[in-house]
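Some labels used for this model rest on cut-offs.

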Amino acid sequence: DGSYRIPVKSGNTLFVIKPAGYKPAVNEDFIPQFYYHYKPEGSPDHYTYKGVAPTDELPRSVDFGLYRYDEPDDFTAIVFGDPQPYTMEDLDHFTRKIVEDVTKSDHTLFGISLGDIVGDNLDLQTVYKERMRQLQLPWYNVMGNHDMNYDAPSDDLSDETFEKNFGSANYAFNYGDAHFIVLDNILYPDPRDGKGYWGGYRLDQLLFLENDLKHVPKEKLIVLSQHIDMKGEAGYRLSDRQRLFDLLKDYDNVLVMSAHTHLQDQIEYTSTEGWMGKKPLHEYNVGTTSGDWYSGKKDARGLPDATMRDGTPQGYAFLKIKGNQYSVDYKVAGRDSGYQMNIYAPKVVPYKGRTSSRIVVNFFMGSRNDLVEYRIGKGEWQKMHYIEAADPSYTAMLFEWDLTDRLLPGRRPSNAVNSTHLWQGSIKTDLPPGEQMIEVRATDRFGKQHHGEKRYRIVE
């Protein structure tokens, strides 16, 4: 009948785990109201940014409104990586280039932002919520390292402003046959030296995860959302990662989503890293909505290019779930949904001449094991060779900034890093002179095929 009894002490946040087939109440900002803070004295009052105000005496019961409805098991969630505005100008760029770009369907049920909601100025969290209202979707938020109260003496007090604006930093909910878990995986201050932060979890978070999973059938899809990717061993406490692996290993269908890097990466964990599940664990490190921190040349509307250092354009993702299976599509902001790759090639080559030019394809959602093929003219399809290198298109963009003799509007992008989704092939010069077409087809990890094309000229 909805009644429950649970111990509570000052500083706790109670929350309900939404069951499938129910809608949570949302506030005017469309933040799901599944939580109740019990802080009789409020958050520490000496912080730069305000936290939770003192709460009233504990009521006789703490209730959560859940509304029964016919919830589909075939649905879509929108996923934002790092909005991370440092200024109101950044927020305007985010609003106009990302929020206003989103197209919903009847199957779009909610959205998730994977941390770094703002860039250190926590007052901007309120404005972010106002801008997100226009999506009119229940929106779940993840704690990021730029969302923390840096005044906090301990990790459990570093999320006070986040709690004020978004609720608990650790929680879970269900949609259809999927169980979603959100964890704050930033340890602050770093327990090794008391400075900065480290990726990992407190014991109480791991115990929450352990107890939560006791109630989740093994055939369910598990979707874990957190901010810091688990790939970088120097930036993650490996004992925590291993405990997480051990808790999830008996589930056949698991997706981990992270952001933080301002790159896009499909990461797989196997027994080499300590994952003992039946198949590799997939972590999708999502490209960010801030791209390369709103850098780059501005377009006619005054919006920065913001392409990321690995050549991935600024954008966001659609997580598509059907039963206990998932797939992901990446949407480049301001481009058609079919734009899934960038092709680098020379514009002109000599007829039957020797050239060191090459064709390089950046397949934004790609990874090492994907099949990427190309053909020129109506020739035979050939496999392209996977490489890890800097995207030459991105490097050429940097040269424009460095070689110009006048200041360009905007801010120079970050230096290039090796991309994990590049393929290369050779260019043909022995075809008849004139314009030739390069066609590329790429098959992603979900079996979906994507296409791109580029033209070049052969000149005698």
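This is a predicted model: local features need pLDDT of at least 70, side-chain atom pairs count only at pLDDT 80 or more; totals for chains, interfaces and linings use all residues.

**Labels and their grounds**

Q: What makes the buried residues of H4 line one face of the helix?
A: In H4 (residues 203-213), Gln205, Leu206, Phe208, Leu209, Asp212 and Leu213 are buried. Viewed down the axis of H4, these residues fall within an arc of 155 degrees, so they line one face.

Q: Why are H4 and H5 called roughly parallel to each other?
A: Their axes cross at roughly 10 degrees and come within 10 Å. Angles under 35 degrees count as roughly parallel, and H4 and H5 are therefore given that label.

Q: Which residues make the contact?
A: H4 contributes Leu203, Leu206, Leu207, Leu209, Glu210 and Leu213, and H5 contributes Asp240, Arg243, Leu244, Leu247 and Leu248. By class, eight are nonpolar, three are charged and none is polar.

Q: Why is the pair of Phe110 and Phe173 called edge-to-face?
A: The ring centres of Phe110 and Phe173 lie 5.7 Å apart, and pairing requires centres within 6.5 Å. The planes of the two rings stand at 90 degrees, so the pair is edge-to-face, the cut-off being over 60.

Q: What makes Phe110 and Phe173 a link between distant parts of the chain?
A: Phe110 is in strand S6 (residues 108-113) and Phe173 in strand S8, 63 residues apart. Both Phe110 and Phe173 are buried.

Notes:
Residues are numbered from 1 along each chain as its sequence is written. Side-chain values use heavy atoms; hydrogens and water are left out. Buried means under 20% relative accessible area, exposed over 50%, partly exposed in between (1.4 Å probe, protein chains only). Helices (H or I, at least four residues) and strands (E, at least two) are DSSP runs, numbered from the N terminus. The arc is that of the directions from the helix axis to the C-beta atoms. Axes are lines fitted to C-alpha atoms, for helices over the stretch in contact, and angles run from 0 to 180 degrees between N-to-C directions. Angles under 35 degrees count as roughly parallel, over 145 as roughly antiparallel, 65 to 115 as roughly perpendicular and the rest as oblique. Contact means heavy atoms within 4.5 Å. Ala, Val, Leu, Ile, Met, Phe, Trp, Tyr, Cys and Pro count as nonpolar, Asp, Glu, Lys and Arg as charged, and the others, Gly among them, as polar. Rings of Phe, Tyr and Trp (its six-membered ring) pair if their centres lie within 6.5 Å; planes under 30 degrees apart count as stacked, over 60 as edge-to-face and the rest as tilted.
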